[in-house]
Amino acid sequence: MSLIVKVFKREIYHPFVTYPWFLLKVLMCRFRYEKMRQTTVEKKGKACVAFLTAGPAKWKCQSVYDELLWTAKYEPVVICDDVDSEFYEHLGCVCAAGLEDVSADIVIYQDPWSPIAERYPVWRVSRRALCCYIPYSIESIAQGGRSERFDYHHLANFHCLMYACFQWSEDYARHYARQQFPWEWAGRTIGTGHPSLDLYYGNA
């Protein structure tokens, strides 16, 4: 029975149901982003940038937050649980309990597997904000192909629906894009360096 189900999914369900719906979601996200990008660029006043956090242990975007804070164009805010708010406020961050409490123009995700990423799916958030991904970790390149953690669920519902994905090196950015085959055209993948390494520059 399990073999029948597996063959059915591979030969019928995915080609005729999953992939067309996935393609439609990707194209709709790109269309939304193009409209919102121009609106964000031309917006009078500061654009709100919301960081979706996965807990203090995975908070690696402090340097990004600080840079945005010092610009005249952006207003950063951290979305976190009440129990963690003291940690972020100690670092000088403005906190909010949820995206419902702010009018975010840009939303930055850090962990596809976190509860907060499940709470705010990219597909839904993309209706109101540009969604970006700055991974909290520096993933080693998987030997021999696709990373085991780069599964279809997160590929279809997270990575390929992003407006932009920022990776820790240009080499890994290319590898990251290849992992999305045949949807590597769907998102913008940019090699920028990892923000957790900014601490070394600041204390050099």
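In this predicted model, Glu100 has a relative accessibility of 56% and therefore counts as exposed, the cut-off for that class being over 50%. Glu100 forms a salt bridge with Arg119, in which the closest N and O atoms are 4.0 Å apart. Because Glu100 lies in the loop between strand E3 (95-96) and E4, whereas Arg119 belongs to helix H4, the pair ties together parts that are 19 residues apart in sequence. Arg119 itself, at 37% relative accessibility, counts as partly exposed.

A search of the whole structure finds three salt bridges, and another of them joins the side chains of Lys58 and Asp111, with an N to O distance of 2.8 Å. This pair links distant parts of the chain, 53 residues apart, since Lys58 is in the loop between strand E1 (47-52) and helix H2 (62-69) and Asp111 in the loop between E4 and H4. Lys58 is partly exposed, at 26% relative accessible area, while Asp111 is buried, at 4%. A polar atom of the Asp111 side chain also lies 3.0 Å from the backbone nitrogen of Trp113. The side chains of Arg37 and Glu34 likewise meet in a salt bridge, at 3.4 Å from N to O, and these residues, three apart in helix H1, are separated by about one helical turn.

Turning to nonpolar residues, the largest nonpolar core has 47 residues, of which Leu99, Val107 and Tyr109 touch the most other members. Beyond its neighbours within four places in sequence, Leu99 is in contact with several residues, including Ala50, Leu52, Ile79 and Val107. On the surface, by contrast, Trp21, Leu24 and Met28 form a nonpolar patch with about 290 Å² of accessible area together.

Technical notes
Residues are numbered from 1 along each chain as its sequence is written. This is a predicted model: local features need pLDDT of at least 70, side-chain atom pairs count only at pLDDT 80 or more; totals for chains, interfaces and linings use all residues. Side-chain values use heavy atoms; hydrogens and water are left out. A nonpolar core is a set of buried Ala, Val, Leu, Ile, Met, Phe, Trp, Tyr and Cys residues joined through side-chain atoms within 4.5 Å. Buried means under 20% relative accessible area, exposed over 50%, partly exposed in between (1.4 Å probe, protein chains only). Contact means heavy atoms within 4.5 Å. Patches are made of residues with over 30% relative accessible area and no salt bridge: like charges are joined within 9 Å, nonpolar side chains (Val, Leu, Ile, Met, Phe, Trp, Tyr) within 5 Å. Accessible areas come from the Shrake-Rupley method with a 1.4 Å probe; for residues, only the protein chains shown count as cover. A polar contact is a pair of N or O atoms within 3.5 Å; within protein, one must be able to donate a hydrogen and the other to accept it, and residues adjacent in sequence count only if both atoms are side-chain atoms. Helices (H or I, at least four residues) and strands (E, at least two) are DSSP runs, numbered from the N terminus.
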